[in-house]
Amino acid sequence: MAQYELLLPKMGESVAEATIIKWLKQPGDMIELDDTILEIATDKVDSEVPSPIAGKLIKQLFTEDEVVQVGAVIAIIETDANAVATPVAEAGVVETAVPQNHEDAVLAQIPGTEQLLSNEHTEEALSASSDRFYSPLVKNIAAQENIAVTELDRITGTGAEGRLTKDDLLNYIQQKASGTVKTATTPVAQAPAPVAPAAAPATPVSAAPVNGNQSTPKAAPSVSISGGDEIIEMDRMRRLIADHMIMSVQTAPHVTSFVEADVTNMVMWREKVKRPFEKRENEKITFTPIFIEAVTKAIKDFPMINVSVNGTQIIKKRDINIGMAAALPSGNLIVPVIKNADQMNLLGLTKSVNDLAVRARTSKLKPDETQGGTFTLTNVGSFGNVMGTPIINQPQVAILAVGAIKKKPAVLETEYGDVIAIRHMMFLSLSYDHRVVDGSLGGSFVRRVADYLENWDVNREI
């Protein structure tokens, strides 16, 4: 018999670690090829790790709720000595999508986490001066809050072997602001034994000070519960969404501008081409790729809408990566990202939109496909809503909501005078970060998107 080391597989360019959610196989269990052994989670996507080989699981090297680095050995499988082992790092993983923030938001990001490289020297200093392991996210938060390594070492961790988790650090920052800080009485390196993962902090993560704001958080209001009420505990996905939404509102002063657009030409064009297009491409063409194309054109006209904020720095993005909020069967939302959307024609956008939407609904998105967005589009019209005031998907600075297209009487100016006609009308709602996007830029941008939709060429080929 031979022993095979199961590695935590690589899940994307920007994913360095994952949390073990649940072991589906226990020591002594027999495993077939491609059997799912455990479930793991990143900040964006939950995944199942399949076995690349048949055999018997003899050892689990990590417990549930532990954070594991990509490429680390997570289990030992006993297998036939003559079997050919395929490294797990090269095998695929089956992903289960979860919302990221906002719309999903999906999910819980701290402002500036995409700029880890900007804090590279701080992270190196943390690693060099402490024997304690800190994840890249924890290091980045510490750097933003000006927390030295000596102070980090005194914070009690609730992770495996006393490891400091993101929630531990955010809870510490909140306690520090309120003057109720509790730290470890002995050096972390001397922690005697692994401790069980603690429950989530009683105070929401969102209560942590944002961008150095040290104001004392207000106590949560008491909730009255009657005998007939049902108490439903938030699942992990909903907690991430809740934290990310509150963090976004606390971080950015939101302003929303509205424009009503006459999209009659666009509707007539789609009605004309949708059947031939579906017959030729075996795919449907929706309004979403049309909206995305208009957004990318407007971003090129107003590039300062395609930025993010890191402290007092404005980071102007080179790429135009459009996130599109997609509804999951659970009712939650996730935001898959179309990378370099401005470099695609309408056919390419249509195929990308359909592919990401299908794989989002069937839980087959990859972690990298929910990261790197620079601007988000959400279609509130799909729920029958005419407009909305969406929350910005941090660390972006703007999000566009497109409402339902309704037939309405409208005044048209003709060479023979004004007339009233039935037109296809819709509202566009742009929420933006008023720290860096003023009313002139925000209003001009959403107006330009509407112009591109209103001036649609009814004779366009696709």
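## Helix packing and chain totals

In this predicted model, the axes of helix H6 (residues 264-281) and helix H8 (residues 346-361) come within 14 Å and cross at roughly 70 degrees. Axes are lines fitted to C-alpha atoms over the stretch in contact, with angles from 0 to 180 degrees between N-to-C directions. H6 and H8 are therefore roughly perpendicular to each other (the class for 65 to 115 degrees). Contact means heavy atoms within 4.5 Å, and Trp269, Phe277 and Glu281 in H6 meet Leu346, Leu347, Thr350 and Lys351 in H8.

| Helix | Residues | Contact residues |
|---|---|---|
| H6 | 264-281 | Trp269, Phe277, Glu281 |
| H8 | 346-361 | Leu346, Leu347, Thr350, Lys351 |

Helix H5 (residues 236-251) has 16 residues, and at 1.5 Å a residue the helix should span 22 Å, which agrees with the 22 Å between its end C-alpha atoms. The expected span is 1.5 Å times one less than the number of residues. Met237, Leu240, Ile241, His244, Met245, Met247, Ser248 and Thr251 are buried in H5 (under 20% relative accessible area, 1.4 Å probe, protein chains only). They cover an arc of only 165 degrees around the axis, so they lie on the same side of H5; the arc is taken from the directions from the helix axis to the C-beta atoms.

The protein chain contains 9 helices and 20 strands (DSSP runs of at least four and at least two residues, respectively). Of its 462 residues, 46% are buried.

Residues are numbered from 1 along each chain as its sequence is written. Local features need pLDDT of at least 70, side-chain atom pairs count only at pLDDT 80 or more, and totals for chains, interfaces and linings use all residues, while side-chain values use heavy atoms, leaving out hydrogens and water.

Methods:
Buried means under 20% relative accessible area, exposed over 50%, partly exposed in between (1.4 Å probe, protein chains only). Angles under 35 degrees count as roughly parallel, over 145 as roughly antiparallel, 65 to 115 as roughly perpendicular and the rest as oblique.
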